[in-house]
Amino acid sequence: MKVYHRQGNRWRNYIELELWKKRQPFTKSSLEEPARTYDRICGNDTILEYQCNYLGNTKYKQFYIKTPKRCVNIKLIGEIDFVSGNHTVYNEMLMFAHMFNHERKKLLAQHGRSKYDKREVYSYSLQEKAHAFVYQCRERNETLYFSKTSLGIFGIQPGIEKYDRERSQVAGY
């Protein structure tokens, strides 16, 4: 069961998935999902998601901006993005989305200020097919298929990792 809390004119929730894997080593040969958490804000036909993946002792962070026609995936810089130290990251998420929409140059200028030197941005267009929703990303040259029951037109399934692995064409596989 997912619980949503009203905050102003938006809804928010927090999801933990497979946290029993949090201390497990990550193996690239495995198709299983790592331990992960999601902070989510829903409102105005948009879903903002802050995802943390736990792979062994390493925490990878991503930020999603999902709309009915598009999903933007931003690979975050661990030492800069969302490092407030507390669990309430909703104001930071709203600020990050505002910067992406209105101050994109400033947001992307952070690239290079971390030892990981990463803040990659991928934009997926969403198309509805007869039996699936399809995300296509030009930057990564990939096509991801989702069953209509698992994703939903507004991306209700958190993240984008639950795609149909047999039908999808994923870069690097």
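Follow the protein chain along its sequence and the pattern reads β-β-β-β-β-β-α-α-β-β-β, a total of two helices and nine strands. Helices (H or I, at least four residues) and strands (E, at least two) are DSSP runs, numbered from the N terminus. The model is predicted: local features need pLDDT of at least 70, side-chain atom pairs count only at pLDDT 80 or more, and totals for chains, interfaces and linings use all residues. Residue numbers start from 1 along each chain as its sequence is written, and side-chain values use heavy atoms, with hydrogens and water left out.

Select the strands. The nine form an open, antiparallel sheet in the order β1-β2-β3-β4-β5-β6-β7-β8-β9; strands pair if DSSP finds at least two bridges between them. β1 (5–7) and β9 (142–147) are at the edges with a single partner strand each, so one side of each has no neighbour in the sheet.

Next, select 70–75 and 121–128. These are β6 and β7, antiparallel and joined by five bridges. Asparagine 73 stands opposite tyrosine 122 in β7.

Now show residues 90–102, helix α1. Helix α1 lies across β1, β2, β3, β4, β5, β6 and β7, at about 70° to β3. Axes are lines fitted to C-alpha atoms, for helices over the stretch in contact (heavy atoms within 4.5 Å), and angles run from 0 to 180 degrees between N-to-C directions.

Finish in β3, at threonine 37. Leaving out residues up to four places away in sequence, threonine 37 touches Tyr14, Ile15, Glu16, Leu19, Tyr50, Gln51, Cys52 and Tyr54.
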